[in-house]
Amino acid sequence: MITVCLFSTGLLFLFILGLVMPLRPHVSDVEKRELEKFPEFQWESFFSGEYFNQITLWYADTFPFRERLLSANSKVKELYGIKSQQIYGAVFAGDEIPEAGPGPAAAIAATEEESEETIGHPPTESLLAESTEAEKGGGEGSQEAAAVGGDVEEAVEAAQIEEEQLADATIHTEPEVAGTVYIAEGKGFELYYFNREGSDLYASVINKMAQKLQGTATVYDLIVPTAVSVCLDEKIQESLRSSPQNKVLDYVYSQIGDNVKKVSVFDTLKKHNAEYIYYNTDHHWTALGAYYGYLEFAKAKGIQPHGLDYYETLEFDQFIGSFYSFSNQAEALKNNPDTVTAYVPRGTNLMRYIQKDGQEIKWNIVNDVSSYAPGTKYSCFIGGDNPFSWINNPEVSDGSSCVVVKDSFGNAFVPFLVDHYQTVYVVDYRSYQDNLVDFVKENQVQDVIFVHNTDVLNKKPSQIIQGLME
């Protein structure tokens, strides 16, 4: 009887605690999102019962000290050796990957008639030209002359470690399953599932973009593989039904026409997988991984890349990223936090961006995030994800410009471009609303660089990118 009373009293205390509004959090630093809000009363949802379901969700999502309780729960399970499995969405097998070769996507884009109808309006030239006194400056021409042939090859090779001496750090350990995140040796991996429809659509969209910009700009396409294919043993990937991204990329690039410069980075990242090219607790590549992508871009463009010692280096420790929250705060990840290393361009560290609400913000290309919450330190790169950003480099005056069309993987890549262009524009395809083709033509942009991770090959992202041209 005493036990029942104590248990009931404990439950009553927790229930009352959960109702104390001042203690309820509104934002989760670990999960980097706003928590559920108390639902607005509506008769329709009240009678259907949905209103009470929403209250239940709000109550659970904003329970006081929720993140600390989840962390404590994870620690207790670690003590008892319990390896929990939590599924966020269905675990399934991807589509079968066709052999690489000429396919319908390239042919469709080559024969499709160009539509002259456009929507939206790009930012005005006066807005883009506006800059602070610190952003203005002389400069006696571009810092970088275009290199060709062997000069570029030698520069790239000099910047990289000799490939035959690189260690192979492929993980062969059977990973712990924690939802869609798989943990092995203190590192998180997200499984990847090939989507044939989305991949074909993506290839056709890139082909169409190159067709519309023919004679105006050069289109580059850099698709970044995620850590699961670069760092995890192929047999383990197969046992987990995760699609091999090297074969996915071979297929997609075979569908993209020769008028697009394809920047393949898989083999380079695979050779460097003993290095710190992906975070332990987060799904992004590190700035070092992005640097290897930059070297491949430099080779494709025919310019001389800079070595890492060219840049000022900043470090921000105790970064605990997305995998930690997706795995119910696994202790194995918390005990293996990351350090965010960033490389500051020489020409300028100033940029501007437009928020989703239309407000213009002055910011740093590499910002000091040492005081930020552990889960938000990747935002040191270009202010995070914003619809539109631009950088004017006062040390370059040759009129060169590029547009980087990106997801969050592009954030760590952009700083390496700054010292090669007078103007770098950045478009996050997920929130940019204007017509990209019109913008490139009206601003006489020379290079359009697509930088995304392999998730862009799913149907919805491909459809969104397609919308930028219509």
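Modeller: A contact here means heavy atoms within 4.5 Å, and residues 24 or more positions apart account for 77% of the protein's contacts with a separation of 6 or more. This is a predicted model, in which local features need pLDDT of at least 70 and side-chain atom pairs count only at pLDDT 80 or more, while totals for chains, interfaces and linings use all residues. Residues are numbered from 1 along each chain as its sequence is written, and side-chain values use heavy atoms, with hydrogens and water left out.

The protein has 17 helices and 15 strands, taken as DSSP runs numbered from the N terminus (helices H or I, at least four residues; strands E, at least two). Strands pair if DSSP finds at least two bridges between them, and 8 of them form an open sheet with mixed pairing, in the order 7-6-15-13-14-12-10-11. Strand 7 (260-262) and strand 11 (360-364) are at its edges with a single partner strand each, so one side of each lacks a neighbour in the sheet. From one strand to the next the twist averages 20°, with angles running from 0 to 180 degrees between N-to-C directions of axes fitted to C-alpha atoms, for helices over the stretch in contact.

Within this order, strand 6 (residues 218-224) runs parallel to strand 15 (residues 447-453) and is joined to it by 7 bridges; Val219 stands opposite Val448 in strand 15. Across strand 6 and strand 7 lies helix 11 (residues 245-255), which runs at about 165° to strand 6.
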